[in-house]
Amino acid sequence: KGDQPTNATQFNTNNTAENTTNNTMALRMVYDKAMGFVAKQYTAVLGNQLSQYGLRYEDLLIEEEAPVKEALSLASPDVLTARTRRLKRAIDLSYKRKSLQDYAPDMQLDTFKTEIMSDIQKIKARDQEYAQLNAHNKM
């Protein structure tokens, strides 16, 4: 008789843990689908806004951040020139309250093309690894 309550309690505990895991997985699936939908909508809206001025997503990165600054210093001169021209054009279009489509309606834009993002990710990974290796110096 002493074993029965323990087994019943153990069964209820296991059953509760299994239900919690199943509920968590179900909520995670719903969350992932919802976030995927929202991300697609956000990407479409952002792409439309960027294309109005002829910008790329990478052009929005803050140049004062250390990884971005370093990646830009390592980038080819062509990448820097193109970035500068896009930013100047966007400033000019914004000042004139015009869209790029008013001047170049047939221009094909690759709004989410990446040229420096991989370098930024490598620089961040390097900095994180460096911080982890030198964590003992902070103590």
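Predicted model: local features only at pLDDT ≥ 70, side-chain atom pairs only at ≥ 80, totals over all residues.
So, the largest cavity: its lining is Glu58, Asp59, Leu72, Val79, Arg83, Arg86, Glu115 and Ile116. By cavity I mean, on a 1 Å grid over the protein atoms alone, a set of points where a 1.4 Å probe fits but cannot get out, and lining residues have an atom within 4 Å of a point. Residues are numbered from 1 along each chain as its sequence is written, and side-chain values use heavy atoms, with hydrogens and water left out.

Back to that cavity. The space in there is about 40 Å³, where a volume is the space filled by probe spheres set on the points, with grid points joined across faces, edges and corners. The structure has one cavity of 30 Å³ or more. Sorted by class, the lining holds three nonpolar, no polar and five charged residues. For the classes, Ala, Val, Leu, Ile, Met, Phe, Trp, Tyr, Cys and Pro are nonpolar, Asp, Glu, Lys and Arg are charged, and the others, Gly among them, are polar. Which element gives the most to this lining? That's helix α3, residues 77–96, with three residues. Helices here are DSSP runs (H or I, at least four residues; strands would be E, at least two), numbered from the N terminus. The chain has five helices and zero strands.

Now for the charges. Side chains of opposite charge can pair when their charged atoms come close. I'm counting a salt bridge when a side-chain nitrogen of Lys or Arg is within 4 Å of a carboxyl oxygen of Asp or Glu, and that gives nine. Take Arg83 and Asp59, two of the cavity-lining residues: they form a salt bridge with the closest N and O atoms 4.0 Å apart. Arg83 sits in helix α3 and Asp59 in the loop between α1 and α2, so this pair ties together parts that are 24 residues apart in sequence. Buried or exposed, those two? Both are buried, meaning under 20% relative accessible area, with exposed being over 50% and partly exposed in between (1.4 Å probe, protein chains only). The two also belong to a salt-bridge network of Asp59, Glu63, Arg83 and Arg86.

Glu115, also in the cavity lining, has a salt bridge to Arg56 at 3.2 Å between the closest N and O atoms. That pair links distant parts of the chain, 59 residues apart: Arg56 in the loop between α1 and α2, Glu115 in the loop between α4 (100–103) and α5 (117–133). Arg56 is buried at 15% relative accessibility, while Glu115 is partly exposed at 27%.

Next, the largest pocket, about 160 Å³ in volume. A pocket is an open set of points with protein on both sides within 12 Å along at least five of seven lines. Its lining includes Arg56 again, along with Arg85, Arg86 and Arg89. By class we get four nonpolar, three polar and five charged residues there.
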